[in-house]
Amino acid sequence: MSLFKAREWWSATLGDGDEFDQGCLCVGDVDNSGSGQDKIVVGSYMGLLRVFSPRPSKPGGTLEPEEQLLEVQLRDPVIQVEVGKFVSCSDLLHLAVLHPRKLSVCAIAATAGNVEHGIQYQLRLVYEHNLQRIACNMTYGPFGGVTGHHFICIQSMDGMLMFFEQESYVFGRLLPGFLLPGPLSYCARTDTFITVSSTRQVESYKYQTLAVATDADTRKESEQQKVGSGKRLVADWTLMIGEQALDICIPSFNHSASTIFVLGERNLYCLKDNGQILFMKKLEYNPSCFLPYASVSEGTTNSLVGNHNNMLLVYQDVTLKWAAQLSHVPVAIRVANFQDLKGVVVTLSSEGQLQCSYLGTDPALYQAPKVEAREINYEEMDSEMKELQKIIKETSKVQDILPKADKEDDLTITPSISINMDTVSQAAISEIGGLTVPSITVKIKAKSRVTVLNPKLTVCVQPPLAVTREQFVLDSMGPGSSILVVFSAFLNGEYPPADLGGDVAVSYNTPTGVPRVAQCQFSLPLRLVSYPASPSKNANYKITIDTNKPPVNLSEIFPDLVEKSDEEHVNALGLQLIAGSRVTLLASKTSQRYRIQSEAFEDLWLVTKDLVRRFEKHFAKHGIRDYRCSFTGPIPLLEYFETVDRHFELRVNAEKYQDLLAERAVQFRAIQRRLLTRFKDKTPAPLQNLDTLMEGTYRQVVALADATEENRAALCQAFTRLRSATHLIILLIGLWQNLGKDQTAILESTLLPLLQDTPQLGWEESVDAAVSHLLRTCLSRSSKDQALNLTTSQLSMPKDTSRLKKHITLLCDRIGKGGRLSLSAESNAQTPIVMPGGCEPIPESDLEEGAADQESVATFPKQRHLTRKKGRQDPTEKTGEDSRTVPEDG
């Protein structure tokens, strides 16, 4: 028995296919029995009106016939039901039923019979009002301070408040600035009406102000009215809450002071009757309904809040006092008294589940029987204790302290890439640069271990790659079932991608309603963005990769890219990127070196990455474990900085275009205003060539907009090329210093913090901040540098890239001197080592930095061995004279 579960006292299921909402439930002594026992009145959108008199029953029991007093099929849907004194000549309670086009006030009368089942209840219509507008909701109360009777106010869908003093219609008023109807409630203490408008603010209107305002029916006939016959309707006070309200409730148990409770989409507000906030509670869930009620503590108010997680929560002001689990999502909550049981919680769901429940636990009626006294045998107890201790000891040795988690996922996603390209290409662009754009089929298999509800599959690839379909809505899956999703990937831009990988995510719900996500990744082949071509002898950009194993036949490494006619030339391989330049791969016949060269620096990335990956796969397949790939330098920072400068130049142009466009737009609007003034003038005046000026300004605005769009597309391409070049630099640094996975991940997150540029935050300032942080923490020269204050300021676009280049160069220098990348703030003393590629000393003081030439600090000369000078001076420490190095003869 769970403590935090609502105890069912009585329940009923109201038909099949009926729909219910917030106003379809009310409680009260609607038959005027005088016994103090409330009745439950429920109306539905199907027009059914039911009245119940609950009696205690066993949970899950059937509804007794005498518990349902009345069931009437009305002609129109029931929007809202209320119980009050709505008849002028009677003090009895009557039932007000609101239909879309009609308001009916009825009386429920009981006719006594000779036996218990002979009591009959009848619904008798007292009066009704036909509405000229479609009703939305209503409220009632002693409007204007009347006693002993209740008046009714109905809000229409177009924002009109219609007032009825029992059998007669009084007046109607249109709310100012109305767009959509909101909840409506009446405060008897201040005689005001409270609502929440479409501007997401709480508004209060006094009844007296509504009564003397301009009549809504004659507002358009203002010319026929006398001056002073009406006033403009103005709110008494307003309060901005910034969200839509679900309900408004004003408790009537405290007559000395009135509080207004407003339930928003994410917050619960409590206001004074003058609009001041008493308190506000932020909700961590989606509420569905609420009801304030009296608290036993003086000065506080309790609130019942239902949410979409089938929970009923009890708050005392802003403090959560209790939480109970319901069997449904409530849309309406009431508190009623039944047969000497006060405070029963009545809830109604949108599907028609009506339940009366209480909080807490049932009393335990079980009593433990008395144990017969017997003599205690201590020897048997000792032997039994030793056996139990022995069992516990053996069990603790075998089993772990923590239970092992189930490694098998509820939903397993397995990607598979087709070996060959599609016979008929699915690419959106058929040709790029005279080359046909191919496509490849990707199959995603989803296999479920348990029941999976409403799965949705999403595919994401980085531009310029694209897929034929990005989202799939799948059918629910049972245990052991599987679904296969097929789509094609292709190149959709005139520039090479920076990443051939893709992500697949499947979001679904478990049978208990818990949302889950399963993910997987796939990698597209290099053949998708390239074609085999003849090798090129000359190129502007070259890098050399070394291995510690004998040369490998390129036809074994690239079987899918080597043409059959060229298989004898295994030491040279050419690849023509579809949207890029030609990349040539050369293998040395005598040494373990491989050269990659191209006319574009960023185009080297995809081929180099694929080469390293295929090397690892090839040697692992042959069982070689001591394979190692390295890079002896130099790090091509100058070539990399050219890509950075191109990207930064386009960012500067984007800002210039934006400023010019804003300037021309202001000029265009100013000319429009002047022309409009001339045209409105009663006496014609010459235009003074304003029309010609406006036409010229318009052409400039259109030209600037086109140039901005072209620059934006060029900036997107430049950022992709920058990402490719940055990936290549990270790979080369990792091979140069043999960085582990953790250090490579830190370096990648430092140099590639963004997936795309935004006008507010760009790549240059983000990388500069990240590199500066590494230089001040894990790559600092001493612990004194780490103690410096790390000032955090707002990132903004720099004036140039000189500072960024200097920091990246210094980062590479300190990594080359033995610096270790880590996220901890511990000191990382740089140990003097013999670097595999060698580096020139980087000026680090202010004087040296100012005197050093930028080109000298941006290159790493290729060196094979370093020699020490005589003496105790370490070659990596800086002195007045640089350490000399002797390169090995090539």
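**A walk through the predicted chain**

Gln 166 is buried, because its relative accessible area of 8% falls under the 20% limit for that class. This residue belongs to a predicted model, as does everything described below. Gln 166 sits in the loop that joins strand E12 (160-165) to strand E13 (168-174). Its phi is positive, about 60 degrees, although the residue is not a glycine.

Asn 310 can be set beside it. Phi of Asn 310 is near 60 degrees, again a positive value in a residue other than glycine. Asn 310 is also a loop residue, placed between strand E23 (301-307) and strand E24 (311-316).

The peptide bond leading from Pro 463 to Pro 464 is cis, with omega near 10 degrees. Pro 464 lies in the loop between strand E33 (453-461) and strand E34 (465-467).

The chain has 890 residues, and buried residues make up 43% of them.

Helix H5 covers residues 637-680, and it packs with H6 at an angle of about 160 degrees, the two axes being 8 Å apart. An angle over 145 degrees counts as roughly antiparallel, and H5 is therefore roughly antiparallel to H6. The crossing in which H5 passes H6 is left-handed. What kinds of residue make up the contact of H5 with H6? The residues there divide into 26 nonpolar, 10 polar and six charged.

Helix H6 (residues 690-737) also packs with helix H7 (residues 741-751). Here the angle is about 155 degrees and the axes are 10 Å apart. This angle, too, is over 145 degrees, so H6 and H7 are roughly antiparallel to each other. The crossing of H6 and H7 is right-handed, whereas that of H5 and H6 is left-handed. On the H6 side, the residues in contact are Thr 726, His 727, Ile 730 and Ile 733. On the H7 side they are Thr 744, Leu 747, Glu 748 and Leu 751. By class, the residues of this contact divide into four nonpolar, three polar and one charged.

Aromatic rings are the last topic. A pair of aromatic rings is described by the distance of the centres and the angle of the planes. A search of the whole structure finds 24 aromatic pairs. One of these is formed by Tyr 640 and Phe 641, with 6.0 Å from centre to centre and 40 degrees between the planes. Elsewhere, ring pairs link Phe 143, Phe 151, Phe 163, Phe 171, Tyr 186, Phe 193 and Tyr 207 into a cluster.

Methods. Residues are numbered from 1 along each chain as its sequence is written. This is a predicted model: local features need pLDDT of at least 70, side-chain atom pairs count only at pLDDT 80 or more; totals for chains, interfaces and linings use all residues. Side-chain values use heavy atoms; hydrogens and water are left out. Axes are lines fitted to C-alpha atoms, for helices over the stretch in contact, and angles run from 0 to 180 degrees between N-to-C directions. Helices (H or I, at least four residues) and strands (E, at least two) are DSSP runs, numbered from the N terminus. Angles under 35 degrees count as roughly parallel, over 145 as roughly antiparallel, 65 to 115 as roughly perpendicular and the rest as oblique. A crossing is left-handed if the near helix is turned anticlockwise from the far one by less than a right angle, and right-handed if clockwise. Contact means heavy atoms within 4.5 Å. Ala, Val, Leu, Ile, Met, Phe, Trp, Tyr, Cys and Pro count as nonpolar, Asp, Glu, Lys and Arg as charged, and the others, Gly among them, as polar. Rings of Phe, Tyr and Trp (its six-membered ring) pair if their centres lie within 6.5 Å; planes under 30 degrees apart count as stacked, over 60 as edge-to-face and the rest as tilted. Buried means under 20% relative accessible area, exposed over 50%, partly exposed in between (1.4 Å probe, protein chains only).
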